[in-house]
Amino acid sequence: MELQAVLMAAGGGSRMMELTYNTHKPLLPVGNKPLIWYPLNLLERVGFEEVIIITTKDVQKMLTPDRLKLDGKMKLDVVCIQLEGEMGTADALRHVQQKIKTDVLVLSCDLITDVALHEVVDLFRAHNASMAMLMSKLHEFTETVPGQKGKKKAGEQRDFVGVDATGQRLLFMANEADLEDGLTIRKSIMCKHPSMRIRTGLLDAHLYCLKRCVVDFLVENKNISSIRGELIPYLVRKQFSKSVNLPNNKDEVEMSQKMEGQTNLGSCKDEELLRLTQERSCWNDHHGDMSEAYHGGKVRCYVHIMEDGVCYRVNTLAAYIEANRMAPKLIEDPPIHPSAVISECTQVGADSIIGASCQISDKTSIKRSTVGASSTVREKVKITNSILMNGVTVEEGCNIQGSVICSNAVIGRNADIKYCLVGSSQRIEPDGECLTVTQNAVSV
Amino acid sequence: FRLRVLSPPGPPKTAKQGRPGARRAAVDQDEEEQPLQAVLVADSFNRRFFPVTKDQPRALLPLANVAMIDYTLEFLTSTGVQETFVFCCWMSDKIKDHLAKSKWCRSNSSNTVHFITSDTYRSLGDVLRDVDAKALLRSDFILVYGDVVSSIDTPAKTGEEHLCDDYDLQRVFAGTSDEFEIRHDLLDCHISICSPQVAELFTDNFDYQTRNDFVRGILVNEEILGNQIHLHVAKDGYGARVSNLFMYDAVSSDMIRRWIYPITPESNFVDEEGKSCTHSRHNVYRGTGVSLGHGSQMEENVLIGQDTSIGAKGHISNSVIGANCIIGDNVILDRAYIWNNVHIADNVAIRQSVVCDGVEVKTGVILKEQCVLAFNAVVGPDVTLPEGTVVSLHHPDEEEEEQDEFLSDHAEAGHNKATKKDKANNSKELGTEGQGYIWKSSSLDHTKEDELAQSLWGLVLNPDPESDSESEASEGSDQPGSRTISPELDDIKVFQTEVQGTLQRGLEENIGCDNLVLEINSLKYAYNITLKEVMQILTRVVLEYPFFQEGADLSTSQYNTLLLPLLKGWAPVFKNYVKRAQDHLNCLASIEEFFLEHEAHWGALVLMSAYNLDILEEDGIMRWFSQEGTTDKSKLLRKNQGLLKFIQWLEEAEEYSEGD
């Protein structure tokens with residue numbers, strides 16, 4: 001076993017409370033599958049047989065193989081953590097450190113992507129990297145999002161990511177929020193990597209390959225609580241720090257010992273061979289000066305940037321809607337579940353998904369939409385660009401457009417719903433109209 | 001060796017794609033009809049080659065035995081320039097003479113050279129303003145300095161407007177671009193292709209001195225004016241500006257190693273007699289009439305000019321030797337640049353140094369790295385010049401004198417005295433027969449610090465490794481958790497120290513309380529502090545002040561005697577902040593908090609004096625007193641004898657006034 005997968009599924013989805021109020025984030029239906037299915041499927045596709053899932057008690061109860069609709073080969077090792085006390089991702093990883101024997105692949109449960117995962121892992125292997133991560137071009141969400149008027153605020157903080165000329169080595173990372181006056185780049189980085197491309201508009205997929213010794217480092221440094229927020233920036237900075245450590249700086253000494261002398265950890269032979277290979281090899285990662293490969297740096301961070309392909313992090317309502325739209329392309333199952341009953345005079349677009357045991361009546365048209373399991377749609381209903389979760393009932397003559405209808409909601413007759421979010425188990429009275437975008441979720 | 005690998009033009013720069021505009025296209029059409037023009041600035045307007053350039057302008061300094069301006073003109077001509085305007089300032093006559101004799105001024109030259117001289121040019125900006133004033137240029141032109149060596153093919157065809165700088169960063173920040181590149185591996189070869197507007201822009205912005213000013217100006221104002229700067233990164237070819245001796249060394253050795261092909265030492269492109277030489281193995285070039293002594297070795301990369309004779313058993317490598325030199329026996333030259341008519345006696349060793357025309361080096365002299373012997377200096381015998389020694393016949397002080405030409409005679413007299421003194425001193429360092437003065441690059445004049453800091457050999461060779469590592473260490477030690485401290489707390493702390501500083505200054509400089517209030521108010525806004533916090537902090541600072549003045553161990557009486565005058569002095573400040581009833585309570589709470597920490601010094605005296613100074617009002621004190629302390633300590637505090645007395649007194653006074 002080369003890599004152990006750790007799936008972080010304990011997040012509360014605080015950026016889309018409208019949806020996570022009733023359904024836990026890992027279980028939110030996307031294309032009629034729970035969100036957590038996507039990362040698990042990603043791992044399964046590349047042959048992972050075991051995965052450690054870190055989640056909360058509530059979610060654990062719901063995580064039955066039946067629900068996950070996996071093929072059943074994966075062994076899920078579910079670890080529960082207490083949500084209280086603000087545990088970060090790094091804390092969570094520290095929590096399961098006893099189970100971690102090798103390098104780890106950490107990913108988040110809200111990742112939906114069709115990345116060829118081996119590209120990230122190959123980078124990790126090829127350069128014997130301390131960390132390799134995945135990024136993707138940021139997608140613009142063009143659709144109108146219920147409850148958000150007008151355009152999204154442009155005030156979002158940009159991430160600046162510096163990569164070297166090959167576009168793989170991660171040299172620099174900063175968030176606009178942390179910059180006081182301008183971007184400061186250390187001279188030592190520029191000397192070693194004279195051509196640096198600074199990119200913005202990238203989405204961090206929150207998928208990291210981490211060396212075993214980084215996990216050990218985490219165990220020893222309890223003050224790091226978030227992987228993305230603290231550990232990764234620290235590693236990126238560490239790449240170019242002097243290996244000579246100040247004696248009082250315990251942290252660094254330990255870190256470098258970890259990085260250099262992994263010998264104690266049983267992989268002694270490998271490391272020795274690796275060092276020898278590097279010494280004997282004439283391969284070098286850079287041109288222009290005579291120093292050894294990687295300039296002798298022990299910490300190396302790499303990033304794989306997806307230029308095309310699907311990559312979403314479902315952590316906002318907008319991303320959720322967008323992910324649902326993309327879902328049919330990612331799922332191989334037939335879009336219309338065999339157990340769904342669809343009457344003949346009904347139009348169901350090829351880009352729509354109809355869940356199990358649905359009943360769709362006559363003269364109904366469904367386009368670019370997802371209809372969850374056990375939902376009932378009566379006559380003369382038009383559904384476009386919408387997401388209907390499980391057990392939704394739509395009475396006759398409704399027109400639903402660009403909306404999200406949560407589980408077990410009932411939409412009364414002739415309702416006209418545009419760009420709305422209807423909370424779970426809500427009833428929309430017959431002949432009611434929710435025309436405006438601002439007409440937002442009413443949760444129970 | 002980095003330089004030759006990285007010869008494309010342009011300093012660090014962010015990638016900015018050229019947006020070919022309509023104007024651009026129109027100009028392209030014109031180009032075919034109009035002769036290509038160039039502006040050659042034969043003056044560097046700086047003193048990086050000082051004191052060498054005191055006797056000869058930089059453009060005429062020999063590089064591989066050919067004056068640098070010849071390389072520039074050759075480059076221009078081979079690019080297809082048909083008309084070149086040479087702007088001279090310093091020693092314009094010499095440049096004129098040189099060019100008049102050269103092939104560029106012959107009737108068959110494809111490149112017509114015009115001279116424009118003026119002593120009033122002080123910068124590139126002046127030159128370009130003059131270009132504009134004289135309306136010399138009709139179309140796009142090439143702008144180069146007289147010390148550019150290049151073999152880049154037809155940069156004109158790139159059609160880009162020209163180069164730039166890292167100021168782009170700012171713009172990209174402001175812009176919407178998703179991606180930009182920072183390069184640290186580019187060399188600016190100072191070849192610019194400018195549209196005629198460039199000259200106009202220099203006129204419009206009379207404060208532009210250098211190209212950097214211009215680039216910065218354009219980049220900042222680009223969006224308003226629609227001017228663009230483009231950059232062409234040459235993938236091959238050679239281009240460099242000999243901007244300091246380090247570059248001189250690098251370009252010379254590249255020349256001998258034939259990196260600037262087709263410009264090579266033996267090609268004799270200047271077409272002058274006596275410049276031809278033969279090329280043999282290991283890049284050894286010999287001019288006509290060179291005589292070599294028995295057993296002298298020319299290892300590799302050596303260029304020897306016409307009629308030079310070299311003694312026996314010498315060892316020469318990576319060096320350039322000019323014409324008519326006489327070099328003695330047992331001489332070791334490595335990376336030495338010996339110009340014309342130099343006499344080097346026996347047993348001399350020279351490493352990575354420049355020896356100018358007419359210098360005499362006596363026997364047994366050793367020149368360590370990075371020495372410069374300027375024109376006609378004499379050194380030796382039997383001395384060793386330490387690293388970085390610069391010797392010139394000109395006295396270092398002359399330079400200043402020249403700058404202030406209005407200095408009166410008596411200054412000169414004084415200066416002469418100094419000269420004599422120095423001369424005596426120098427004999428030890430330069431040898432008994434030595435002539436010249438040692439220029440100390442370390443004795444930086446404040447006014448010229450910028451220029452001298454990069455003097456002669458440039459900074460590149462002496463990077464300060466310590467400062468670099470220091471900054472790295474400090475950055476590296478950046479603890480992962482160091483960011484967790486909330487900024488708010490920090491602000492309050494900073495604010496507190498600022499207030500303390502303000503009050504201290506107030507005491508020292510006797511600043512009025514009104515002004516102190518003003519300063520504290522502005523601090524309040526700067527750190528976003530609420531009024532309540534201001535008062536708390538102010539109280540705290542004032543109460544702590546005696547400790548701050550005299551150290552932490554004060555007896556109570558000492559403390560009180562120190563504090564009372566302070567309170568008195570700053571009473572108006574307090575009054576400004578303590579106005580409403582709630583303020584009084586807050587203030588008292590802060591006082592209480594402070595004395596909870598310093599119980600020993602507690603006494604009613606503080607309250608009393610505050611009351612007497614009208615800082616605190618009776619009602620406030622009474623209300624505070626009646627609030628039961630929440631902790632045992634604060635209860636204890638209220639039971640203080642002195643306080644009880646004071647309260648009692650207050651109560652009595654109240655009754656008395658009521659009764660009255």
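Visitor: How many helices and strands are there in chain B?
Guide: Helices here are DSSP runs of H or I with at least four residues, strands are runs of E with at least two, and both are numbered from the N terminus. On that count chain B has 22 helices and 29 strands.

Visitor: What kind of model is this, and how are things numbered?
Guide: Residues are numbered from 1 along each chain as its sequence is written, with chains lettered from A and ligands numbered from 1 in the order in which they are written. Side-chain values use heavy atoms, leaving out hydrogens and water, local features need pLDDT of at least 70, side-chain atom pairs count only at pLDDT 80 or more, totals for chains, interfaces and linings use all residues, and the model is predicted.

Visitor: What share of chain B counts as buried?
Guide: Buried means under 20% relative accessible area, with exposed over 50% and partly exposed in between (1.4 Å probe, protein chains only). Of the 660 residues of chain B, the buried share is 49%.

Visitor: Which residue is the bridge partner of A:Val163 in β10(A)?
Guide: Strand β9 (residues 159-163) of chain A runs antiparallel to β10(A), and five bridges join them. In β10(A), the partner of A:Val163 is A:Leu170.

Visitor: Are α5(B) and α7(B) roughly parallel or roughly perpendicular to each other?
Guide: Axes are lines fitted to C-alpha atoms, for helices over the stretch in contact, and angles run from 0 to 180 degrees between N-to-C directions. Under 35 degrees counts as roughly parallel, over 145 as roughly antiparallel, 65 to 115 as roughly perpendicular and the rest as oblique. Helix α5 (residues 124-134) and helix α7 (residues 196-204) of chain B pack at about 115°, with axes 8 Å apart. So α5(B) and α7(B) are roughly perpendicular.

Visitor: Is the crossing of α18(B) and α20(B) left-handed or right-handed?
Guide: The axes of α18 (residues 581-597) and α20 (residues 618-626) of chain B come within 9 Å and cross at roughly 55°, which makes α18(B) oblique to α20(B). A crossing is left-handed if the near helix is turned anticlockwise from the far one by less than a right angle, and right-handed if clockwise. This one is right-handed.

Visitor: Which residues of α20(B) make the contact with α18(B)?
Guide: Contact means heavy atoms within 4.5 Å. From α18(B) come B:Ala581, B:His584, B:Leu585, B:Leu588 and B:Glu592. Those of α20(B) are B:Gly620, B:Ile621, B:Arg623 and B:Trp624.

Visitor: Where is B:Pro262?
Guide: The peptide bond from B:Tyr261 to B:Pro262 is cis, with omega near 10°. B:Pro262 lies in the loop between α9 (245-256) and β11 (277-280) of chain B.

Visitor: Is B:Asn301 buried or exposed?
Guide: B:Asn301 has phi near 50°, a positive value in a residue other than glycine. Its place is the loop between β14 (297-298) and β15 (302-304) of chain B. With 5% relative accessibility, B:Asn301 counts as buried.

Visitor: What is the relative accessible area of B:Gln352?
Guide: B:Gln352 is not a glycine, yet its phi is positive, about 40°. B:Gln352 belongs to strand β22 (residues 349-355) of chain B. The residue is buried, with a relative accessible area of 7%.

Methods
Two strands pair if DSSP finds at least two bridges between them.
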